[in-house]
Amino acid sequence: MIEFFFATGNDHKIEEARAALAPHGIGVTKMEGFTKLEIQHPDLGEIASSALALIVSKTEKPVFVEDSGLFIHQLNGFPGPYSSYVFETLGLEGILKLLEDAKTRKAEFRSSVAFGVNGKWLANFSSATEGTIQSQPRGENGFGFDPIFVPMWTSKTFGEMELREKTIYSHRAKAISKLALWYLNESKIDPELKPKESIL
Ligand code: IMP
């Protein structure tokens, strides 16, 4: 069984990654004892890659980091890369207040994953999920902005979905699945992708 290490402090993200990678036969272990350094940058891919660069300098294991954010159309993409800070400071109520007279409630979650193995950064994968911001929070599941976001093609918020259902729509699950498909294909032909530790 292939095992990827996920460098995150967010246990919800670990569960989501497990649900996304299990169908590909890949397990997920939470990487302990690291600090995810987050640079300020408008591009989530740059944030994920620079966080990964530090982590791969300390381990040979197959490891990935993920950076995500909620981009609200009426607010020109805010909070975007600042979503975590805005969630802690303004919270759901603060975002709903900013949208009180909004002309559009369209938004998208974006996710960017950076992957490396044997001490090297190797690839990035991104995905997005479009949807709308509700006027009231609904549902107890998940984390962050889950209770106010309804993805396209459904009427439930992420907060009302069980993990398996969120995995169908989630920006993170889609980006992580791209990583899995790429890895499973490329590692057949590129020995660099096999962890040296497992070969020894
Ligand atoms: P980061 O990726 O750890 O920088 O955090 C991004 C922030 O965006 C989180 O703290 C949440 O507030 C928000 N966010 C990202 N993805 C999700 C999601 O799947 N559900 C709810 N909120 C999310």
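The largest pocket is lined by 24 residues, and Asn 10, Lys 13, Ser 68, Ser 84 and Phe 143 are the ones nearest its centre. Before going on, bear in mind that this is a predicted model, where local features need pLDDT of at least 70, side-chain atom pairs count only at pLDDT 80 or more, and totals for chains, interfaces and linings use all residues. Residues are numbered from 1 along each chain as its sequence is written, and side-chain values use heavy atoms, with hydrogens and water left out.

What does "pocket" mean here? On a 1 Å grid over the protein atoms alone, a pocket is an open set of points where a 1.4 Å probe fits, with protein on both sides within 12 Å along at least five of seven lines, and a lining residue has an atom within 4 Å of a point. The largest pocket holds about 480 Å³ of space, the volume being the space filled by probe spheres set on the points, which are joined across faces, edges and corners. Its lining splits into seven nonpolar, nine polar and eight charged residues.

Now for the inside. In soluble globular proteins, nonpolar side chains tend to be buried together. The largest nonpolar core has 21 residues, and Phe 4, Leu 21, Phe 64, Phe 115, Ile 176 and Leu 179 make the most contacts inside it. Such a core is a set of buried Ala, Val, Leu, Ile, Met, Phe, Trp, Tyr and Cys residues joined through side-chain atoms within 4.5 Å, and buried means under 20% relative accessible area, against over 50% for exposed and in between for partly exposed (1.4 Å probe, protein chains only). Two or more residues of this core come from each of β1 (2-6), α1 (11-21), β2 (26-30), β5 (106-117), β6 (120-133) and α6. The biggest giver is α6, with six residues. Leaving aside residues up to four places away in sequence, Leu 179 touches Phe 4, Phe 64, Val 113, Phe 115 and Phe 125, a contact being heavy atoms within 4.5 Å. There is also a second, separate core of 17 residues, with Leu 75, Leu 96, Ala 107 and Phe 158 among them.

How does α1 sit against the rest? Its buried residues are Lys 13, Ile 14, Glu 16, Ala 17, Ala 20 and Leu 21. They lie on the same side of α1 because they cover an arc of only 165 degrees around the axis, as judged by the directions from the helix axis to the C-beta atoms. Their cover includes β1, β2, β3, α5 (163-169) and α6.

Most residues other than glycine have a negative phi, and most peptide bonds are trans. The peptide bond from Phe 78 to Pro 79 is cis, with omega near 0 degrees, and Pro 79 lies in strand β4. Asn 76, in the loop between β3 and β4, has a positive phi of about 50 degrees although it is not a glycine. Asn 118 has a positive phi too, near 55 degrees, and is placed in the loop between β5 and β6. Are these two buried or exposed? Asn 76 counts as exposed because its relative accessibility is 75%, whereas Asn 118 counts as buried at 8%.

Notes:
Nonpolar A, V, L, I, M, F, W, Y, C, P; charged D, E, K, R; others polar. Helix = DSSP H or I, 4+ residues; strand = E, 2+ residues; numbered from the N terminus.
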